[in-house]
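This briefing covers nonpolar cores, a helix contact and an aromatic pair. Please view the structure alongside the text.

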Amino acid sequence: MDATLIPEPWGTQMAQEGIATILVDWNKIPPNNGDYPLTILTASDDFIKKYPNAVKGAIKANQDAIDFIKKNPDQAYPLINKELQELSGKGMDLALIKAAVSHFSVTSDVSKEAIEEMAKVSIDAGYIKDVKKEQLDLSKFVDLTLLGDVKNGK
């Protein structure tokens, strides 16, 4: 393989292990200068209708975690590692976590444009079939209403 585009922490880990070289820092990847979501909270319309408070609670918990990471990074890295261990059975060196987090923006902001750009790249790569880029409409898939409510304290 000559090149790949992968999110953090995998790029930093591969570079630190000496098995890859980072050619373009994540925050310089065009066209959005690295403004691509790494994790997106999702729920079905039915679940949102039945359990709007649970969905808001998950959004609020995510926002609280983001705020904690930003305000207490040195305390956050071991907690991130603990979660990685629980989820994958394997943790990461704290220096690796710190380096990886420094390469992207930890935020609850959602860029519809970045999601659309990712979808277009997926169409070009053949991962999304039977949809043409000029017919792409993600309006039914991206609803930021509850995120806005949580950010506004509702």
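The points below are grouped by topic. The model is predicted, with local features requiring pLDDT of at least 70 and side-chain atom pairs pLDDT 80 or more, while totals for chains, interfaces and linings use all residues. Residues are numbered from 1 along each chain as its sequence is written, and side-chain values use heavy atoms, without hydrogens or water.

**Nonpolar cores**
- A nonpolar core is a set of buried Ala, Val, Leu, Ile, Met, Phe, Trp, Tyr and Cys residues joined through side-chain atoms within 4.5 Å; buried means under 20% relative accessible area, exposed over 50% and partly exposed in between (1.4 Å probe, protein chains only).
- The largest such core has 9 residues, including Ile66, Ile69, Tyr77, Met92 and Val106.
- At least two of its residues come from each of α3 (52-71), α4 (73-88) and α5 (94-101), helices being DSSP runs of H or I, at least four residues, numbered from the N terminus.
- α5 gives the most to this core, with 3 residues.

**α4 and α5**
- The axes of α4 and α5 (lines fitted to C-alpha atoms over the stretch in contact, angles running from 0 to 180 degrees between N-to-C directions) come within 9 Å and cross at roughly 110 degrees.
- α4 and α5 are therefore roughly perpendicular (65 to 115 degrees).

**Aromatic pair**
- The structure holds 1 aromatic pair (ring centres within 6.5 Å; planes under 30 degrees apart are stacked, over 60 edge-to-face, the rest tilted).
- The ring centres of Phe47 and Tyr51 are 4.9 Å apart and the planes lie at 45 degrees, so the pair is tilted.
- Phe47 is partly exposed at 38% relative accessibility, and Tyr51 is partly exposed at 43%.

How values were computed. Parallel < 35°, antiparallel > 145°, perpendicular 65-115°, else oblique. Phe/Tyr/Trp six-rings, centres within 6.5 Å; stacked < 30°, edge-to-face > 60°.
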